[in-house]
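Subject: Two-chain model, handover and findings

Hello,

Here is the structure you will be working with. Please open it first, then read the notes below it.

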Amino acid sequence: MKRSQEDSQIVRLLKEQSRPVSENPWFTPRVLNRLPKSPRSTRWVWALICLVAGVLCLGCWLWLLRGQDVTVFTIRDLYHFIIMSAITLAVLWQGIVVALPRD
Amino acid sequence: MKKLDELALITRCVLADDRQAFGQLVDAYQGRVRRFLLNLTMGDAALSDDLAQETFIKAYVGLRGFKGVASFSTWLYRIAYNEFCSHVRGRHEQAMERIPADSLGVNDDHSIDASLTVQEALCHLGIAERTAVMLFYLEDRPIKQVARIMQLPEGTVKSHLHRAKQRLRQFLDNY
């Protein structure tokens, strides 16, 4: 639908008389306070995912450390360690977030 | 807010029940939703804030149902519009549809300014017409999105707009 000159006039008048919304710093905290409590099932599913990811991480660490030659440490090994550390930290962080009480 | 950031926040809300992420979404959209409702309620700030709060709570509860077909803001506006309609229905507020002109402080002399005349004219529109006008002209939304928000066919929205324009023209011509 194309806008005519009359439409532009309406837009101008409406924008002129549009009521300004006052700043309300308490709006978001109020909404967050009124949110219903989360269903437990969701948290359990997420906790289970974190647990499985944690076990996988542990397995990967064991596999990585077993195959590690103590005398030679290559750039590739360093790369593997950095990636594994990042994944483990992310899983641990998510596990902590799920374990912490919400309210 | 970028669409990707918005999606990331929605995912965090759905998967991890991350309320901080939802807080960021509320921060990003509260201004627009409150302004939309303020215009629909013809300037009742307290009522529009209450309705906006309900809108965000309903959005949070129904976030899993958000398919991403329409944009998040369109989805929010639809909830806000439904919330406003159920408020009007619930309180049998026919007066909301046609607020008497004198309640706006409009008197019969023709010295009133154009802005007040537009307000008065808007009061004489039905809810659907007023919503269509607000979304199309004030929020600058295309007809397709207005139709999605109001859950009406595009043709119906166009006829609402046409009727509203006729009434506005008729009203403004008198001044």
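Start with chain B. Among its contacts between residues at least 6 apart in sequence, 59% join residues at least 24 apart. Two residues are in contact here if their C-beta atoms, placed from the backbone, lie within 7 Å.

Some ground rules. This is a predicted model, in which local features need pLDDT of at least 70, side-chain atom pairs count only at pLDDT 80 or more, and totals for chains, interfaces and linings use all residues. Residues are numbered from 1 along each chain as its sequence is written, while chains are lettered from A and ligands numbered from 1 in the order in which they are written.

**The two chains**

Chain B has nine helices and zero strands. Its elements run α-α-α-α-α-α-α-α-α from the N terminus on. Chain A has four helices and zero strands, in the pattern α-α-α-α along the sequence. Helices (H or I, at least four residues) and strands (E, at least two) are DSSP runs, numbered from the N terminus.

Burial comes next. Of the 175 residues of chain B, 34% count as buried. In chain A, buried residues make up 7% of the 103 residues. A residue is buried if 20 or more other C-beta atoms lie within 10 Å of its own, exposed if 12 or fewer, and partly exposed in between, with C-beta atoms placed from the backbone.

**Where A meets B**

The contact takes 27 residues from chain A and 30 residues from chain B. On the side of chain A that touches chain B, helix H1 (5-17), helix H2 (27-33) and helix H3 (40-66) of chain A each supply at least two residues. H1(A) gives the largest share of that side, eight residues. By class, that side of chain A has 13 nonpolar, seven polar and seven charged residues. Ala, Val, Leu, Ile, Met, Phe, Trp, Tyr, Cys and Pro count as nonpolar, Asp, Glu, Lys and Arg as charged, and the others, Gly among them, as polar.

**Helix H8 of chain B and its surroundings**

Look at H4 (residues 72-90) and H8 (residues 143-150) of chain B. Their axes come within 8 Å and cross at roughly 45°. That makes H4(B) oblique to H8(B). Angles under 35 degrees count as roughly parallel, over 145 as roughly antiparallel, 65 to 115 as roughly perpendicular and the rest as oblique. Axes are lines fitted to C-alpha atoms, for helices over the stretch in contact, and angles run from 0 to 180 degrees between N-to-C directions.

The crossing of H4(B) with H8(B) is right-handed. A crossing is right-handed if the near helix is turned clockwise from the far one by less than a right angle, and left-handed if anticlockwise. From H4(B), Thr74(B), Tyr77(B), Arg78(B) and Tyr81(B) meet Gln145(B), Arg148(B), Ile149(B) and Met150(B) of H8(B). That contact has four nonpolar, two polar and two charged residues.

Which residues of H8(B) are buried? They are Gln145(B), Val146(B), Arg148(B), Ile149(B) and Met150(B). Their cover includes H4, H7 and H9 of chain B.

**Two positive phi values**

Most residues other than glycine have a negative phi. Asp140(B) is not a glycine, yet has a positive phi of about 60°. Asp140(B) lies in the loop between helix H7 (127-138) and H8 of chain B. Asp140(B) is exposed, with 11 other C-beta atoms within 10 Å.

Gln151(B) follows H8(B) and has a positive phi near 50°. Its place is in the loop between H8 and helix H9 (154-173) of chain B. Gln151(B) is also exposed, with 10 other C-beta atoms within 10 Å.

Helix H2 (residues 19-40) of chain B packs with H7(B) at an angle of about 135°, with their axes 10 Å apart. H2(B) and H7(B) are therefore oblique to each other. Their crossing is right-handed. H2(B) brings Phe36(B), Asn39(B) and Leu40(B) to the contact, and H7(B) brings Arg130(B), Thr131(B), Met134(B) and Leu138(B). These residues divide into four nonpolar, two polar and one charged.

**One cysteine to find**

Cys85(B) lies in helix H4 of chain B. Cys85(B) is partly exposed, with 15 other C-beta atoms within 10 Å. Cys85(B) and Ala128(B) are 43 residues apart in sequence and 9.4 Å apart in space, C-alpha to C-alpha.

Best wishes
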